[in-house]
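Colleague: Could we go through this model together, beginning with the chain as a whole and then turning to one pair of helices?

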Amino acid sequence: MPELPEVEVVRRGLHEHVAGRTVEAVEVLHPRAIRRHLPGAADFAVRLTGQRLEAARRRGKYLWVDLSGGDAMLAHLGMSGQMLVQPVDAPDEKHLRVRVRFADGGPELRFVDQRTFGGLALADIVEVDGALVPRPVAHIARDPMDPAFDPDAAVAALRKRRTEVKRALLDQTVVSGVGNIYADEALWRARLHGARPVDKLTRAKAAELLAHATRVMYEALGEGGTSFDALYVNVNGQSGYFDRSLAVYGRENEPCRRCGTAIRREPFMNRSSYSCPRCQPRPRG
């Protein structure tokens with residue numbers, strides 16, 4: 001699933017190519033693509049048609065576009081969702097799910113999703129801690145790239161959790177945007193095993209970990225995000241290349257770039273965690 005850097009890349013592309021344009025027609029080609037919009041496909045299309053797309057915004061891994069009518073089009077990319085800006089005469093993608101045409105006759109917006117885990121929905125806007133966000137995003141914490149992000153408050157919230165440090169780092173109600181990839185990278189940089197109890201970390205160590213998570217996500221953003229296959233792309237269909245810079249994630253049995261020890265892979269919440277046995281020893285007990 002795309003994490004903060006990948007979603008930010010898509011957000012920037014959407015803002016550049018669709019902000020300020022008015023929707024002329026909407027075509028829903030697969031019902032699962034709008035299953036989060038409970039009134040259904042017809043309602044989604046009617047309510048979106050005629051609206052002007054305003055600023056594209058993001059909080060953590062959640063993406064939306066403000067609409068002139070006062071609500072928002074919320075996009076959930078899931079594991080394979082793509083927001084593509086394509087010429088109107090471009091052939092349809094095999095897994096095209098929603099098409100948005102614009103009154104200016106220019107390039108259209110297409111939602112493509114091979115696995116249909118993602119989707120679009122219209123949502124009303126609510127105010128949370130001085131910020132306007134779609135209602136389904138109201139419980140999500142600010143992310144490290146948010147100008148109003150408070151690192152001290154985030155550190156305090158992390159250390160209050162009675163769980164393992166990696167689970168706490170992935171909790172989007174504590175700090176948003178960090179997923180499995182960048183959690184592993186931040187833990188490696190901080191020389192912490194993900195199973196360490198987060199409430200036992202010193203304030204300084206927790207702050208160091210959060211700083212590493214922030215830094216690695218900025219670095220990934222600078223390289224267009226992390227792409228392991230063709231499913232994550234920006235609005236122009238291009239892949240990111242930060243996977244070449246990853247220190248541990250996806251590098252099982254390859255040498256640690258710090259000490260040379262073979263990277264290990266361990267099961268974690270139906271996924272995998274990657275770490276260095278020497279740099280990140282598992283906590284006793």
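Colleague: What radius of gyration does the chain have, and what would a compact globule with 285 residues have?

Modeller: Please keep in mind that this is a predicted model. For 285 residues, a compact globule would have a radius of gyration near 19 Å, and the value for the chain agrees with that. The C-alpha atoms fill a box of roughly 60 × 40 × 30 Å along the principal axes, and the radius of gyration of the chain is 20 Å.

Colleague: What percentage of the 285 residues in the chain is buried?

Modeller: A residue is called buried here when its relative accessible area is under 20%. By that cut-off, the buried share of the 285 residues in the chain is 53%.

Colleague: Is helix 1 parallel or oblique to helix 6?

Modeller: Two packed helices are described by the angle between their axes and the distance between the axes. For helix 1 (residues 4-18) and helix 6 (residues 203-222), the axes come within 8 Å and cross at roughly 40°. Angles under 35 degrees would count as roughly parallel, so the relation of helix 1 to helix 6 is oblique.

Colleague: Which class of residue, nonpolar, polar or charged, has six members in the contact of helix 1 with helix 6?

Modeller: On the side of helix 1, the residues in contact are Leu4, Pro5, Glu8, Val9 and Arg12, and they meet Met217, Ala220 and Leu221 in helix 6. Two residues of this contact are charged and none is polar, while the class with six members is nonpolar.

Methods
Residues numbered from 1 in each chain as written. Predicted model: local features only at pLDDT ≥ 70, side-chain atom pairs only at ≥ 80, totals over all residues. Heavy atoms only, no water. Axes fitted to C-alpha atoms, helices over the stretch in contact; angles between N-to-C directions. Helix = DSSP H or I, 4+ residues; strand = E, 2+ residues; numbered from the N terminus. Parallel < 35°, antiparallel > 145°, perpendicular 65-115°, else oblique. Contact = heavy atoms within 4.5 Å. Nonpolar A, V, L, I, M, F, W, Y, C, P; charged D, E, K, R; others polar. Rg over C-alpha atoms; globule rule 2.2 N^0.38 Å. Buried < 20%, exposed > 50% of the residue type's maximum accessible area, 1.4 Å probe, protein only.
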